[in-house]
Amino acid sequence: MLALTRSTKLWERAQQVLPGGVNSPVRAFRAVGGTPPFIVRGQGAILEDADGNHYLDYICSWGALIAGHAHPAVVDAVCSAAAHGTSFGAPTPAEVELAELVCSLVPSIEQVRFVNSGTEATMSAIRLARAATGRSKIVKFSGCYHGHADALLATAGSGVLTLGLPGTPGVPSAVVADTISLPYNLLDPVRQVFAEVGEQIAAVIVEPVAGNIGVVPPEPGFLEGLRELTAQHGALLIFDEVITGFRLAPGGAQERYGIMPDLTCLGKIVGGGLPVGAYGGRRDLMSLVAPSGPVYQAGTLSGNPLAMAAGLATLRLLQEPGLYERLDTLSQRLAEGLRAAAAAASLPITVNQIGSMLTVFFTPGPVVDEASAKRSDTAAFARFHRIMLESGIMLPPSQFEAWFVSLAHTEADIERTIEAAGAAFRACMA
Ligand code: KE4
């Protein structure tokens, strides 16, 4: 049994002063039960909690820490930047350097604007798409999560799906009236909607690989179909690559699948663990953003030197040849090992894995959209999560999230995880 004395005391204090004791719902362990360990430090792939327990980490700050925790290059860059001041509210060299690097890496991005979260990135991209097309309707996909901007909380994934929340309390129905939510991985409903109201659709926003249903890769032809339909009807295609950006390839999912969206949203890795989001795309679109154009969007701390330093250090680390192949190899081994361990325990699971992101669904599958993901046995997942935590392995506390492998994970970590999962699967079946 984990000793969580200090975490328990912190948890009691936290719930007095923070809603649900957290600053983001999924961290509260509501879906898996128990007291969330309070983390005091991370090093590489290892987290340490307030009671001195250590965990092999597959949350990786929900995907941001692809280089692992406290990577020396990132820490040095942030400390050096901090020594010269944390924010000036004025242009700085670092934001130009990071923007140039992002534009060189992401195929569709000719110009980029930094913001402070993935939510800000998608919210701004939607506003830009509506301004550029003069249209109001937005198509999204059930189970995909694009942050908590009002218009995008309809049938969202991640914490909304995890907690079974009605998607949009507090959001006036008028705000989501222009949001059309369709099943992921099906083109016919998209064709139907375009046939009916295509001239009113400003954009289709999609996670090119869904991470917030749990990991659900696009079926062959799905992304290509969205590209064709949006081009055919004068709507924009927005790739929300907050998770997949710089994870699935240097140029993200759009490089891996060879699809050019009109706008791309970024977050997580681009900030190296500090608060950075970004949206970018074709120059003719981005030139509409204030002050070069009329579409207003702003932010006091956007592009601040610390966050830019962390992002630059992280993206530069990812330039080393062979890193993405290593991440893919380790993650494929993990996925295969989990499948074999569950089969040995006669436990029907589905493991969806692509690049260094994966999810173990407690259902025979296949899992290709929100509806099939929701067939998962979330109680079994909760038992599995608890047993793995007791074994010193920190998994995302939700059936509907992605596990992430970082550059700090080793072959030995993967084998340890597979072995622990085998024991946990057997215990789940007992
Ligand atoms: P943030 O506003 O949390 O930086 O980004 C929102 C967002 C946008 N788009 C995608 C594809 C995302 O995955 C996210 C945020 N991801 C969740 C977990 N999958 C963040 C974890 C949390 O909410 O605490």
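Predicted model: local features only at pLDDT ≥ 70, side-chain atom pairs only at ≥ 80, totals over all residues.
Q: OK, what does R227 form a salt bridge with?

A: With D262; the closest N and O atoms are 2.9 Å apart. A salt bridge here is a side-chain nitrogen of Lys or Arg within 4 Å of a carboxyl oxygen of Asp or Glu. R227 sits in helix α8 (residues 222–233) and D262 in the loop between α9 (252–257) and β9 (263–266), so the pair ties together parts 35 residues apart in sequence. Helices (H or I, at least four residues) and strands (E, at least two) are DSSP runs, numbered from the N terminus.

Q: And D262, buried or exposed?

A: D262 counts as buried, at 7% relative accessibility.

Q: Which residues are joined with R227 and D262 into one network?

A: R282 and D284 form a salt bridge, with the closest N and O atoms 2.7 Å apart. R282 is partly exposed at 30%, and D284 is partly exposed at 42%. Salt bridges with shared partners join R227, D262, R282 and D284 into one network.

Q: How many salt bridges does the count come to?

A: By that rule, 11 salt bridges. One of them pairs E97 with R316 at 3.4 Å, N to O. E97 is in helix α3 (residues 93–105) and R316 in helix α11 (residues 305–317), so this pair ties together parts 219 residues apart in sequence.

Q: Switching to helix packing: at what angle do α7 and α8 cross?

A: Roughly 5 degrees, and the axes of α7 (residues 188–197) and α8 come within 11 Å. That makes the two helices roughly parallel. Axes are lines fitted to C-alpha atoms, for helices over the stretch in contact, and angles run from 0 to 180 degrees between N-to-C directions.

Q: Which residues make the contact?

A: V190, R191 and F194 from α7, and L226, L229, T230 and H233 from α8. Contact means heavy atoms within 4.5 Å.

Q: Which residues of α7 are buried?

A: V190, V193, F194 and V197. They cover an arc of only 100 degrees around the axis, which puts them on the same side of α7; the arc is that of the directions from the helix axis to the C-beta atoms. The face turned away from that buried side carries the exposed D188, A195 and E196.

Q: What covers the buried residues of α7?

A: The cover includes β5 (137–141), β6 (179–182), β7 (201–206) and α8.

Q: What about the phi of N185?

A: N185 has a positive phi of about 75 degrees although it is not a glycine. N185 lies in the loop between β6 and α7, and N185 is buried at 10%.

Key:
Residues numbered from 1 in each chain as written. Heavy atoms only, no water. Buried < 20%, exposed > 50% of the residue type's maximum accessible area, 1.4 Å probe, protein only. Parallel < 35°, antiparallel > 145°, perpendicular 65-115°, else oblique.
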